[in-house]
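Have it open beside you as you read.

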Amino acid sequence: MALRFYNTLSQQVEDFTPASDNTVRMYTCGPTVYDFAHIGNFRTFTFVDLLRKCLRANGFQLNHVMNITDVDDKIIRNAVERRLTLDEYTKIYTDAFMEDCASLRLEVPETIAPATAHIPDMVDAIERLGVSHHTYASDGSVYFKIGSFPSYGKLSHNDFSGNLAGARVDVDEYEKADARDFALWKTPKEGEPFWDTAIGPGRPGWHIECSVMAIKYLGETLDIHAGGVDLIFPHHENEIAQSESLTGKPFSRFWLHAEFLMVEGQKMSKSLGNYYTLRDLVAKGHAPEAIRYLLASVPYRKALNFTVDGLKAAAIAIERLRNFKLRLETDRHAEGLNEKLEARTAQAAQSFSDSLNDDLNTAEALAAVFEFVRDTNSAMDAGEFLAGNAPAALRFFGAFDSIFKVLEPSAKAGELSDAAIEARVAERTAAKKARDFALSDRIRDELLEQGIVLEDTKAGVRWKRK
Ligand SMILES: [Zn+2]
């Protein structure tokens, strides 16, 4: 099945290929580094990671840019309060974000673009928008005139034609009912940091950074622009207005948006006590791969209800998959090849990739994996699975894990490495051979204390982390 996505702009599912050569030019909105990112943020970033991996599985190369919003209203407020420079303050949360991404196994985009490293590019774009009469200045700030862009509203599918010309808004985030001229450049308030530029002292608004950095690194028309649904309006609508006013070309061919995440059926909020950062969950003992699995398991266009039960079920599902893979690797099967099972594996692999190509239907892709595990376990129990069937089954599991990335356990601080465990297992085997059962039992108990379970089988010793 050809790869296809639901495009927010056309409101249709469309076949996807890059516009030119084999490279996907993709821009995704990154974090605003004023605090630790929460799991709602990570739902979107996990979706972007799955998107990258599926594009690559379809043979495309990636040129993906993600911004880091390291200047905005909240960052300035918090940095000033804590008597830190913007750089000192945002470095804390930028580093934390990159660590969190690594623990969730999210790939690093080809380019990470911090907004504050691109101020002259933004000033230049704002000047050019001025020359083409899309802006006006007021009290030292510069605003984008939405009345100068007739198709304003085409992404969020709102008719804003009735909005009063000249009404304007200074904050970065606002509701649909407040479609207003928005700030491209903000004059500094007393005590706020600012840049001294050709358009006066100040700092960029949030929206201009993405337009400027996307065009700078990826060209005038992107293949894909993605983010959370909360960004459709005003952020992405404003990005389109700015970019298309600058270039006269469509800004992005595809717009993909991940739905909201709720926690235990409710909107996540600090006041309800159901607000989680990734760190909160890991500190409670949840494995990052279980969190990744839960975030990835619901198709991105469906609201995701994140629950503790769901996290536990994710951990059990991963355990089942790991046990199955271990069985594939270590069970001894009779020689030969069962053609029927080989066809079953091929069908599972096809159904897996078709589901992902169908607008990243991760739930169906996982169903294909679990049906395959169930059928193959039965075939093994019945002695129908032959040695020649293992390579294709393992290849399919490899393809599954190249997308979902949950089979490898995360190392915890102070935990034994695989190599260290293998060495201890070999020591124990040698001790048993030498009939030193006291030593072999001691090694077994020591490993168990560290959460490593040994299992003696006809094929030798298997080990796994509890
Ligand atoms: Zn953006």
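1. Let's begin with the sheet. Five strands make up an open sheet, ordered E5-E4-E3-E12-E13, with parallel pairing. Strands (E, at least two residues) and helices (H or I, at least four) are DSSP runs numbered from the N terminus, and two strands pair if DSSP finds at least two bridges between them. Strand E5 (111-114) and strand E13 (252-258) are the edge strands, each pairing on one side only. From one strand to the next, the twist averages 20°.

2. A word on provenance: this is a predicted model, in which local features need pLDDT of at least 70 and side-chain atom pairs count only at pLDDT 80 or more, while totals for chains, interfaces and linings use all residues. Residues are numbered from 1 along each chain as its sequence is written, and side-chain values use heavy atoms, with hydrogens and water left out.

3. Leu-222 sits opposite Ser-252 of E13.

4. Which helix packs on the sheet, touching E5 and E12? Helix H5 (residues 206-218) does, and strand E3 (23-28) and strand E4 (61-68) are also among the strands that H5 touches. The direction of H5 makes about 150° with that of E4; axes are lines fitted to C-alpha atoms, for helices over the stretch in contact, and angles run from 0 to 180 degrees between N-to-C directions.

5. Do look at Phe-352, in helix H10 (residues 339-357). Phe-352 counts as buried because its relative accessible area is 4% (buried means under 20%, exposed over 50%, partly exposed in between, with a 1.4 Å probe and protein chains only). Beyond its neighbours within four places in sequence, Phe-352 contacts Ala-365, Ala-368, Val-369, Phe-396, Ala-399, Phe-400, Ile-403 and Phe-404, contact being heavy atoms within 4.5 Å. Ala-368 is 16 residues away along the chain, with its C-alpha atom 5.8 Å from that of Phe-352.

6. Finally, the whole chain. Its secondary structure comes to 14 helices and 18 strands, and the C-alpha trace spans about 85 × 50 × 40 Å along its principal axes. Of the 466 residues, 50% are buried. Among contacts with a separation of 6 or more, 75% join residues 24 or more positions apart.
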